[in-house]
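Please work through the following exercises with the sequence and the three-dimensional structure at hand. Each task is followed by a solution in steps.

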Amino acid sequence: MSESKVKRGANRRRFFFVVTGLNAAAPAAISIFLTLVAHAWSQPVQGSLEVRWDEGAANCGATSHEPLQVHVYDPQTFILRQSLCASFEGNFLYLLVGSDKALLIDTGAVADSTQMPLAKKVLELLPDKDKGKISLLVVHTHGHLDHRAGDSQFASFASVKVVPADLETVRAFFGFANWPDGIAQVELGDRTIDVIPTPGHHPAHVAFYDRRTGILFSGDFLMPARLTMEDSAAYHASAVRVVDFVQAHPLTHILGGHIELDTAGHAYGMGSHYHPNERRLELSKEDLLALPAALEGFNGFYARYPSFILSNPRHNLAAVAISAVALLIFIVWAVRRLLRRHRRSTA
Ligand SMILES: [Zn+2]
Ligand SMILES: [Zn+2]
């Protein structure tokens, strides 16, 4: 064999080795590439929570306060907070914009548009589409009045649909055949929102999970505030349901309906319009993971945790009523005893 033939043979073998090596490695490389791309696509869009909310005032009449503060989390996600001077509730509302439509979660505690120009502000924030505004769906975390008082402001707009917050409508609209089991979806166009039943604070409470940002909008189910329960067994089942859900989904933040705690974890007085040193709005996955055990160990009246307070107003009210009756019985007993003594001493 000539030297050139030997070289050509060696080159062919090297080429064959490289090609077969590539053949073997290609599926693995493509699979890794696709996994990386899918991973990058499934990563939540990052946004900013760097905002200083208006702290209200002890005397709201003495200073002026914007009724509605808007924070841009990202260009398609808005956090709106109602001024503590407009309502002590200081509700947080959320506007999520997709390519087909937008979703407003809750309408807050104030109906009067002259005091709280909610519909005007929300429509300003919406992008244009087809010579008008993109259509808007208004939903609620639950039916307490401080989360739906602003509904009436949207009634006159043809491009807006308001979903009433009662249980029957919520079940029918989202298509829950087996409430409170199952997860429903709302499609906004390139943005899917999961709807998770979370009764306990209110019978028709739901939480919304935004796959785009990885945020859980938790209403009054979980927030840095007093978590008040109407039905503690349903509340616990909801906590377990949400924990199960977030184990399978990336979670960036939990944003609720109110802030009632200061940075030291103390609650502001009920009905206070002034929240100095307010705690941050967002809660973490750890706060959620702590909720089922906190509910299991709850004494039924009041318990303080670093990021929330558990409270059962009915039980607390019953305890106050029992204490008041006991005090009354004691006073009657003491007065009768004094009168008897007085009669004996004057006889
Ligand atoms: Zn509520
Ligand atoms: Zn509320």
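The exercises below concern a predicted model, and they treat metal sites, pockets, backbone features and the nonpolar core in turn.

**Exercise 1. The site of ligand 1**

Task: Identify which residues coordinate the zinc ion (ligand 1), and classify the arrangement of the donor atoms.

Solution. 
Step 1. The zinc ion (ligand 1) is held by His-142 through NE2, His-144 through ND1, His-201 through NE2 and Asp-220 through OD, at 2.1 to 2.4 Å.
Step 2. Along the chain, these donor residues follow the spacing H-x1-H-x56-H-x18-D.
Step 3. The angles subtended by the four donor atoms run from 90 to 172°. Four donors count as tetrahedral only if all angles lie between 85 and 135 degrees. The range around the zinc ion (ligand 1) makes its arrangement irregular.
Step 4. His-201 belongs to the loop between E10 and strand E11 (206–210), and Asp-220 to the loop between strand E12 (215–219) and E13; this pair, 19 residues apart, links distant parts of the chain.
Step 5. Both His-201 and Asp-220 are buried.

**Exercise 2. The site of ligand 2**

Task: Describe the protein donors of the zinc ion (ligand 2), and state which residue coordinates both zinc ions.

Solution. 
Step 1. Asp-146 (OD), His-147 (NE2), Asp-220 (OD) and His-258 (NE2) are the protein donors, and they lie 2.1 to 2.3 Å from the zinc ion (ligand 2).
Step 2. The donors of the zinc ion (ligand 2) are spaced D-H-x72-D-x37-H.
Step 3. His-147 is in the loop between strand E7 (135–139) and strand E8 (160–162), while His-258 is in the loop between strand E14 (253–256) and helix H5 (285–296), so this pair ties together parts that are 111 residues apart in sequence.
Step 4. The arrangement around the zinc ion (ligand 2) is irregular because its four donor atoms subtend angles of 85 to 165°.
Step 5. His-147 and His-258 are both buried.

**Exercise 3. Two pockets**

Task: Give the volume of the largest pocket and of the second largest pocket, and describe the residues that line them.

Solution. 
Step 1. The volume of the largest pocket is about 480 Å³, and that of the second largest pocket is about 280 Å³.
Step 2. The lining of the largest pocket has 22 residues; those nearest its centre are Glu-89, His-201, Thr-228, Glu-260 and Met-270.
Step 3. By class, the lining of the largest pocket contains seven nonpolar, eight polar and seven charged residues.
Step 4. The second largest pocket is lined by 15 residues, and Val-51, Arg-52, Trp-53, Glu-278 and Arg-279 lie nearest its centre.
Step 5. Its lining comprises five nonpolar, three polar and seven charged residues.

**Exercise 4. Backbone exceptions**

Task: Locate the cis peptide bond between Trp-179 and Pro-180, and decide whether Asp-190 is buried or exposed.

Solution. 
Step 1. As a general rule, most residues other than glycine have a negative phi, and most peptide bonds are trans.
Step 2. The bond that joins Trp-179 and Pro-180 is cis, with omega about 0°. Pro-180 is placed in the loop between helix H3 (167–174) and strand E9 (184–187).
Step 3. Asp-190, although not a glycine, has a positive phi of about 55°. Asp-190 is located in the loop between E9 and strand E10 (192–197).
Step 4. Exposed means over 50% relative accessible area. Asp-190 counts as exposed because its relative accessibility is 75%.
Step 5. Asn-277 likewise has a positive phi of about 55°, and it lies in the loop between E14 and H5. With a relative accessible area of 56%, Asn-277 is exposed.

**Exercise 5. The nonpolar core**

Task: State how many residues form the largest nonpolar core, and which element gives the most to this core.

Solution. 
Step 1. The largest nonpolar core has 29 residues, and Ile-79, Leu-103, Phe-174 and Phe-208 have the most contacts inside it.
Step 2. Elements that each supply at least two residues of this core include strand E3 (92–97), strand E4 (101–105), E7 and H3.
Step 3. E3 gives the most, with three residues.

Definitions and conventions:
Residues numbered from 1 in each chain as written. Chains lettered and ligands numbered in written order. Predicted model: local features only at pLDDT ≥ 70, side-chain atom pairs only at ≥ 80, totals over all residues. Heavy atoms only, no water. Donors = N, O, S within 2.8 Å, 3.2 Å for Na, K, Ca; no water. Tetrahedral: all angles 85-135°; square planar, octahedral: opposite > 155°, others 65-115°. Helix = DSSP H or I, 4+ residues; strand = E, 2+ residues; numbered from the N terminus. Buried < 20%, exposed > 50% of the residue type's maximum accessible area, 1.4 Å probe, protein only. 1 Å grid on protein atoms, 1.4 Å probe; cavity = no way out; pocket = protein on both sides within 12 Å on 5 of 7 lines; lining within 4 Å. Points joined across faces, edges and corners; volume = space filled by probe spheres on them. Nonpolar A, V, L, I, M, F, W, Y, C, P; charged D, E, K, R; others polar. Core = buried A, V, L, I, M, F, W, Y, C linked by side-chain atoms within 4.5 Å.
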